[in-house]
Amino acid sequence: MKFAQIVDFETERIDEVRDLLRAYEEQARSQARAGAPTTRTLLQDRANPRRYLAVVEFASHEEAMTNSDAPETGELAARLSTLMTRPTVYTDCDVHEE
């Protein structure tokens with residue numbers, strides 16, 4: 001079953017966040033890293049323009065856990081946390097329909 005994680009965060013530095021995410025994704029693709037996300041959608045809250053939701057999809061929960069354990073993912077999370085204005089909230093979801 002496909003798996004998605006919703007990452008709820010606030011930042012005033014979204015361009016830097018986007019640059020880090022794009023570099024991370026490019027590295028994952030070029031290395032054909034196991035467990036890498038299959039898609040990412042970035043949403044901006046209209047009521048609070050500093051709030052964003054990233055919906056990150058994986059082939060399965062197991063693939064997501066492989067990705068989570070990768071050193072590159074830990075490095076990305078550490079770098080992103082310096083750009084946030086509040087702690088990030090994660091919601092894990094099974095994808096039932098698309």
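Trainee: Before we dig in, what are the ground rules here?
Mentor: This is a predicted model, so local features need pLDDT of at least 70, side-chain atom pairs count only at pLDDT 80 or more, and totals for chains, interfaces and linings use all residues. Residues are numbered from 1 along each chain as its sequence is written, and side-chain values use heavy atoms, with hydrogens and water left out.

Trainee: What does the chain average for pLDDT?
Mentor: The average is 94, and 100% of the residues score at least 70. pLDDT is the predictor's confidence in each residue, from 0 to 100.

Trainee: And where is confidence lowest, and where highest?
Mentor: Lowest in α1, at a mean of 92, and highest in β1, at 98. Those labels are DSSP runs numbered from the N terminus: helices are H or I with at least four residues, strands are E with at least two.

Trainee: OK, strands. Which way do β1 and β3 run?
Mentor: Antiparallel, joined by eight bridges. Two strands count as paired if DSSP finds at least two bridges between them. β1 also runs antiparallel to strand β4 (residues 89–94), with six bridges.

Trainee: What does I6 stand opposite in β3?
Mentor: V55. On the β4 side, I6 stands opposite T91.

Trainee: How many residues of β1 are buried?
Mentor: Six of the eight, so β1 is largely enclosed by the rest of the structure. Buried means under 20% relative accessible area, exposed is over 50%, and partly exposed is in between, using a 1.4 Å probe and protein chains only.

Trainee: And what about β2, how does that pair with β3?
Mentor: Strand β2 (residues 39–44) pairs with β3 in the antiparallel sense over six bridges. The two form a hairpin with six residues between them. In that pairing, Q44 has Y52 of β3 as its bridge partner.

Trainee: Switching topic: how many aromatic pairs are there?
Mentor: Two. The rule takes rings of Phe, Tyr and Trp (its six-membered ring) with centres within 6.5 Å; planes under 30 degrees apart are stacked, over 60 edge-to-face, and the rest tilted. F3 and F58 have ring centres 6.3 Å apart and planes at 45°, so that pair is tilted. It links distant parts of the chain, with F3 in strand β1 and F58 in strand β3, 55 residues apart.

Trainee: Are those two buried or exposed?
Mentor: F3 is buried at 3% relative accessible area, and F58 counts as buried at 4%. F3 also stands opposite F58 in the strand pairing.

Trainee: What's the other pair?
Mentor: F9 and Y52, which are stacked at 5.7 Å centre to centre with 20° between the planes. F9 sits in β1 and Y52 in β3, 43 residues apart. F9 is buried, and so is Y52.

Trainee: Last one: what volume does the largest pocket have?
Mentor: About 540 Å³. Of the 27 residues lining the largest pocket, the closest to its centre are Q5, V7, L76, L80 and Y90. On a 1 Å grid over the protein atoms alone, a pocket is an open set of points where a 1.4 Å probe fits, with protein on both sides within 12 Å along at least five of seven lines; lining residues have an atom within 4 Å of a point. Points join across faces, edges and corners, and the volume is the space filled by probe spheres set on them.

Trainee: Which element gives the largest share of that lining?
Mentor: α3, with five residues.
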